[in-house]
Amino acid sequence: MSQDSIAAPESARKLSGRRRREVVAVLLFSGGPIFESSIPLSVFGIDRQDAGVPRYRLLVCGGEEGPLRTTGGLELTTPYGLEAISRAGTVVVPAWRSITSPPPPEALDALRRAHEEGARIVGLCTGAFVLAAAGLLDGRPATTHWMYAPTLAKRYPSVHVDPRELFVDDGDVLTSAGTAAGIDLCLHIVRTDHGTEAAGALARRLVVPPRRSGGQERYLDRSLPEEIGSDPLAEVVAWALEHLHEQFDVETLAARAYMSRRTFDRRFRSLTGSAPLQWLITQRVLQAQRLLETSDYSVDEVAGRCGFRSPVALRGHFRRQLGSSPAAYRAAYRARRPHGEQLAPAAVEQVVPSQSSPHARRTAPATAPSGSATASSTVQEPVKSYSEAFAAGQGRPSLPGQRSAP
């Protein structure tokens, strides 16, 4: 169940008598990033009852022998070990040091026992890999940072990975996307436990929006999946990215891979973490987003250059993914650009589908006039602007490009 759901499913297990709902255990490992690790410590470990936020009891637990080394060479010691997890009603794994290495078996056993005894298990960002290794995500929807979603889907094919969501609440198991989405999920937990007012009060203390609308779509890039390597589908994926301006469908891609549609769908999902049709639509919308940001093409022309059969199709998919019409998105984007900034002709050329190499298309620098944005900076600008807009405070109208919260 996604972040936009009104109510999360009920936990299938009753909480064991020795566990307490207000006790939150945070499981830390050596090599974990300090920022992600600090999120649940700040949300659940500080007494803010004076602001109307109910108090949690925090247990910081080491998932392995310490001291734990983290970002910047810092060393941490934790007051508790794995045994303390037995008292927690919620167990949070804020991050895992490497998506390619297995977590300690003792930590996985502790997570399984906690789940069997009714505890709520939470994985922030790459913490989802620890939950998956423990088997807690089998047959469940889950998310992680969009950059690692293909790897999670490939390594754990029984997990229903959705790289579009900021977080996924499946009742007694919850996962979130990258760094800021960890804050979103922790606020969601407070909201679930104590209501909207408590979550809003906490959000004000943290100076963050109480609820962000939308998902990860606006942050995705066109990079090939990290582990695509020499997979036979790599050439097909690269071809699709280079020919987005042409009208082709998934059957075309399956034929180029010399596979049946069913086999292609299965292989593609295991490689990229999403169904081929959804992936193709997402890539076309991303291409349209860039053209709207960096060119003066009309919406009709943008639709044609992104392979949509009609402007109506572009508008429908664009609104579903970004919560705005193409015209409104362009107007909002240009309103946020510095006064007097001109479009860089070379940057426009970088997104027109005429490059011969997908790598050149993604990385070739654009020669822009002095004071104007390069293709790279132009692409990144809306992400920064949206983050600033979310932090601007409550009570302001939503910008075009944001989906309204339920």
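Two strands are said to pair if DSSP finds at least two bridges between them. With that criterion in place, I turn to the structure shown above, which is a predicted model.

Strand 1, residues 20–28, pairs with strand 5, residues 88–93, in the parallel sense, and 4 bridges connect the two. One point of reference in this pairing is Val 24, which stands opposite Thr 90 in strand 5. Strand 1 also runs parallel to strand 2, residues 57–62, and here the number of bridges is 6. In that pairing, Ala 25 stands opposite Leu 59 of strand 2.

What lies with strand 1 and strand 2 in the β-α-β unit? The element is helix 1, residues 34–45, and the unit is right-handed.

The secondary structure comprises 16 helices and 10 strands. The chain has 406 residues, of which 51% are buried. Among contacts with a separation of 6 or more, 68% are between residues 24 or more positions apart.

I would next draw your attention to helix 7, which spans residues 234–242. Why may this helix be described as largely enclosed by the rest of the structure? The reason is that 8 of its 9 residues are buried. The buried residues in helix 7 are Ala 234, Val 236, Val 237, Ala 238, Trp 239, Ala 240, Leu 241 and Glu 242.

A brief word on the cysteines. A search of the whole structure returns 0 disulfides. Cys 125 has a relative accessibility of 6% and therefore counts as buried, the cut-off being under 20%. Cys 186, at 1% relative accessibility, likewise counts as buried.

Finally, I come to the confidence of the prediction. The average pLDDT over the chain is 77, and 74% of the residues score at least 70. Where does the pLDDT fall below 50? One such stretch is residues 344–406, for which the model has 112 contacts beyond near neighbours in sequence. Another is residues 1–11, where pLDDT stays under 50 and the model has 24 contacts beyond four places in sequence.

Methods: Residues are numbered from 1 along each chain as its sequence is written. This is a predicted model: local features need pLDDT of at least 70, side-chain atom pairs count only at pLDDT 80 or more; totals for chains, interfaces and linings use all residues. Side-chain values use heavy atoms; hydrogens and water are left out. Buried means under 20% relative accessible area, exposed over 50%, partly exposed in between (1.4 Å probe, protein chains only). Contact means heavy atoms within 4.5 Å. A crossover is right-handed if, with the strands pointing away from the viewer, the path from the first strand over the helix to the second runs clockwise. A disulfide is a pair of cysteine sulfur atoms within 2.5 Å. pLDDT is the predictor's confidence in each residue, from 0 to 100.
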